[in-house]
Amino acid sequence: IAVEGIVYEDEYVTDHQNILKKHHWVKDIKKEIDLPIQLQNDVKMIHQGCCFTYQQDATYYLYINEVGIGSSYFYKDEPLYGNTGIMGEIGLISIKGKTINQRVRECQSQDEFNELLGLLVSMIFTMLDPTRLELSLDLKWNYEEKIICNISFCFTSFNDGIKWLWTEFNG
């Protein structure tokens, strides 16, 4: 069963109303049904479907809707979960006392959204350095190609420089 939020065993946590809420109804279902049931993060499942389409070593999927952000990182065709399943919950990062999810929910303009999207993409490239980034938006704000292109160009140029430095350093 694909669910929103942080999945850990038979429970998951969401932050839709700016509070963390634990959901454990799967345990009740397992008592009633004699079939194997497994919880999985919804964005990780979407991302896994995308990974069947292309084969790349390190891919990142970023999904943004009116409630907040979900994301997923696959390395060598395997989803990474982290120690407790929280890996990918980039919207829970706090900036000046508010999570990025809260900032998405309170976003009032395209420019404000562009700033958030630019920050997210920059964080993804600098922390995880994926070879591919999939972006899916389901909210009133639009994807503006110039934002991603400016960031991508910056990091492509940076990565080319790093590769050159590495080659020069290692002779």
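View 1. Trp25 is partly exposed at 32% relative accessibility, whereas Tyr12 is buried, with a relative accessible area of 10%. Here, buried stands for under 20% relative accessible area, exposed for over 50%, and partly exposed for what lies in between, with a 1.4 Å probe and protein chains only. Please keep in mind that this is a predicted model, in which local features need pLDDT of at least 70 and side-chain atom pairs count only at pLDDT 80 or more, while totals for chains, interfaces and linings use all residues. Residues are numbered from 1 along each chain as its sequence is written, and side-chain values use heavy atoms, with hydrogens and water left out. The structure holds two aromatic pairs. Tyr12 and Trp25 form an edge-to-face pair, because their ring centres are 6.2 Å apart and their planes meet at 85°. Tyr12 belongs to strand E3 and Trp25 to helix H1 (residues 25-32), so this pair ties together parts that are 13 residues apart in sequence.

**View 2. The tilted pair of Tyr60 and Tyr73.** The ring centres of Tyr60 and Tyr73 are 6.2 Å apart with planes at 45°, so the pair is tilted. For reference, rings of Phe, Tyr and Trp (its six-membered ring) pair if their centres lie within 6.5 Å; planes under 30 degrees apart are stacked, over 60 edge-to-face, and the rest tilted. Tyr60 sits in strand E6 and Tyr73 in strand E7, so the pair joins parts 13 residues apart in sequence. Tyr60 is buried at 3% relative accessible area, and Tyr73 is buried at 8%. The helices (H or I, at least four residues) and strands (E, at least two) named in these legends are DSSP runs, numbered from the N terminus.

View 3. A search of the whole structure finds one cavity of 30 Å³ or more, and the volume of the largest cavity is about 210 Å³. A cavity is a set of points, on a 1 Å grid over the protein atoms alone, where a 1.4 Å probe fits but cannot get out; lining residues have an atom within 4 Å of a point. Grid points are joined across faces, edges and corners, and the volume is the space filled by probe spheres set on the points. Lining the largest cavity are 20 residues, of which Glu4, Gly5, His16, Ile69 and Glu89 lie nearest its centre. Two or more lining residues come from each of strand E3 (11-14), helix H2 (42-53), strand E6 (58-65) and strand E7 (69-75). By type, the lining of the largest cavity divides into eight nonpolar, eight polar and four charged residues. In that count, Ala, Val, Leu, Ile, Met, Phe, Trp, Tyr, Cys and Pro are nonpolar, Asp, Glu, Lys and Arg are charged, and the others, Gly among them, are polar.

**View 4. Helix H4 from end to end.** Buried residues of H4 include Phe113, Leu117, Leu120, Ile124 and Phe125. Val121, also in helix H4, is buried at 1% relative accessibility. After H4 comes Asp129, which has a positive phi near 50°.

**View 5. Cysteines without a disulfide.** The structure holds zero disulfides, a disulfide being a pair of cysteine sulfur atoms within 2.5 Å. The closest cysteine sulfur to that of Cys51 is in Cys50, and at 6.9 Å it is too far for a bond. Cys51 is buried, with 6% relative accessible area; Cys107 is buried too, at 4%.

View 6. Glu9 lies in the loop between strand E2 (6-8) and E3, and its phi is near 55°, a positive value in a residue other than glycine. At 60% relative accessibility, Glu9 is exposed. Lys96 is found in the loop between strand E9 (94-95) and strand E10 (98-99); its phi is positive at about 55°, although Lys96 is not a glycine. Lys96 is exposed, with a relative accessible area of 80%.

Conventions. 1 Å grid on protein atoms, 1.4 Å probe; cavity = no way out; pocket = protein on both sides within 12 Å on 5 of 7 lines; lining within 4 Å.
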